[in-house]
Amino acid sequence: MDTANKNAFYALLTGAAIGGVLGVLFAPDRGSKTREKIKAKTLETTHDLGEKMKHAREDLAKAAAEKKVEFEHKMEEVVDKLSHRADDIMVNLEERLETLRKKNARLQKSS
């Protein structure tokens with residue numbers, strides 16, 4: 001769930017909780033009955049928020065684990081590519097070094 005959706009969800013949940021509490025406060029019940037309803041609604045909302053937070057943490061942990069695997073895979077690909085390039089560069093340098101040795105040997109013979 002992206003940040004905008006999470007914010008919208010939490011705003012909706014908060015609005016529902018506030019609306020529930022206001023509805024109970026203005027209901028034509030006795031004070032003790034109203035307090036019981038508020039307490040029950042508060043416990044229900046707290047439980048719901050706890051569950052949502054638990055799921056959000058699980059989703060975040062799962063996403064982090066997936067991104068870690070993806071990052072490790074990409075790093076491995078980069079290292080492999082760089083390794084092949086390093087091998088190509090070393091082969092090229094060795095060829096040039098051999099060419100220079102041959103030229104140097106010819107120059108020493110002609111001197």
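The model is predicted: local features need pLDDT of at least 70, side-chain atom pairs count only at pLDDT 80 or more, and totals for chains, interfaces and linings use all residues. Residues are numbered from 1 along each chain as its sequence is written, and side-chain values use heavy atoms, with hydrogens and water left out.

I searched the whole structure for salt bridges and found three. The criterion is a side-chain nitrogen of Lys or Arg within 4 Å of a carboxyl oxygen of Asp or Glu.

I looked up E70 next. E70 bridges to K74, with the closest N and O atoms 3.6 Å apart, and to K67, where the closest N and O atoms are 3.9 Å apart. K67 and E70 are three residues apart in helix α2 (residues 31-110), about one turn of the helix.

I then checked accessibility (buried under 20% relative accessible area, exposed over 50%, partly exposed in between; 1.4 Å probe, protein chains only). E70 counts as partly exposed because its relative accessibility is 36%. K74, at 47%, is likewise partly exposed, whereas K67, at 55%, is exposed.

I turned to R101 and E98, whose side chains meet in a salt bridge at 3.9 Å, N to O. R101 and E98 are three residues apart in helix α2, so about one helical turn separates them. R101 is exposed at 51%, and E98 is partly exposed at 36%.

Key
Helix = DSSP H or I, 4+ residues; strand = E, 2+ residues; numbered from the N terminus.
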